[in-house]
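Look over the sequence and the structure before reading on.

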Amino acid sequence: MIKITVPATTANIGPGFDCLGMALNLYADITFEEIEEGLVIEGCQPEYQNEDNLIYQSMLGIFKKARYRHRGIKITINSDIPISRGLGSSAACILAGIMAANEIADARLTKQQILKIATQIEGHPDNVTPALFGGMIVSVYDNDEVYFSKIPLNDSVDFYALIPNFTLSTSQARSVLPKQISFDDATFNVGRVALMIASFFNGSLDLLNVSIKDRLHQKYRGALIHEYDTIMEKLDDLQIKGAFLSGAGPTIIAIANKDDSTVEPAITNILQSLENRWLLKKLCTEINGAIVGRG
Ligand code: HSE
């Protein structure tokens, strides 16, 4: 039996659309067994228990590449990563499938090869790269290859994920993005993502409330998220470093000074005034990334 553990991820982190991401300490544990025949998938909604399952589809690509004739497959999912909430559930499924198939077929893919295949399936590298390597990472896909660099993180902040009880698919959240953006908006984001990364390198996050702003995706996607503007305005009134839409949403992540005991009750207060139910989870960066275990 093979067990793949993959962390949740947040992507974009304000201005870093499709290039900035970070692994978080919420995990999917997915076990894989070869069985006599057929496909058995447990631990997810019935709608995902079939051959279209993203984990299974990601395995098939590797089996084909390695010319491996598999027997039946049993997949058991035990995941704390909520689905379609902007916390990297699809990146976790893709990586788990590729990494498990790599072991089963003895395909001997390197991590870089796994990263490239996962990025090709996902369509962008900002979730899969930190999910595979851990930490906060800038990554770009260029000329059929993924290039990435880790950002050193200091331990001075906590991340608060505000997770609603409704979903938003990445494809829907991408469909509302404009085909073109103004030079002003591009300049706005370039400056801020550079400032944010420089401040992480300098270990001083005083500029986060300015550098976390975005003009490429959040305002378009915010319109799909019930009470998004209200939440962002109320978060803006708190003594925190800033807040951003996690990946394609609908989860929002607030960044605050480490161990500031006023933050959790203040955010809980905001959430209690909303029409939908939102869960608050205090998270931190996960530094190891996905791992393979054997049972
Ligand atoms: N960068 C991606 C997006 C992350 O914003 O669409 C979601 O998968």
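## Largest pocket: lining

A total of 44 residues line the largest pocket. Nearest its centre lie Ile83, Ser84, Ser89, Ser90 and Cys93. The model is predicted, and the total for the lining uses all residues.

The volume of the largest pocket is about 950 Å³. By class, its lining holds 17 nonpolar, 19 polar and eight charged residues.

## Largest pocket: where it sits

Which elements each supply at least two residues of this lining? They are β2 (20-35), α1 (54-65), β4 (72-79), α2 (89-104) and α5 (170-175). The most comes from α2, which gives four residues.

## Second largest pocket

The second largest pocket has a volume of about 520 Å³. Its lining is made of 18 residues. Lys213, Gln218, Met232, Asp236 and Ala243 are the ones that lie nearest the centre.

Two or more lining residues come from each of α8 (218-222), α9 (228-236) and β8 (242-245). Here α9 gives the most, with six residues. By class, the lining of the second largest pocket divides into seven nonpolar, three polar and eight charged residues.

Terms used. Residues are numbered from 1 along each chain as its sequence is written. This is a predicted model: local features need pLDDT of at least 70, side-chain atom pairs count only at pLDDT 80 or more; totals for chains, interfaces and linings use all residues. Side-chain values use heavy atoms; hydrogens and water are left out. On a 1 Å grid over the protein atoms alone, a cavity is a set of points where a 1.4 Å probe fits but cannot get out, and a pocket is an open set with protein on both sides within 12 Å along at least five of seven lines; lining residues have an atom within 4 Å of a point. Grid points are joined across faces, edges and corners, and a volume is the space filled by probe spheres set on the points. Ala, Val, Leu, Ile, Met, Phe, Trp, Tyr, Cys and Pro count as nonpolar, Asp, Glu, Lys and Arg as charged, and the others, Gly among them, as polar.
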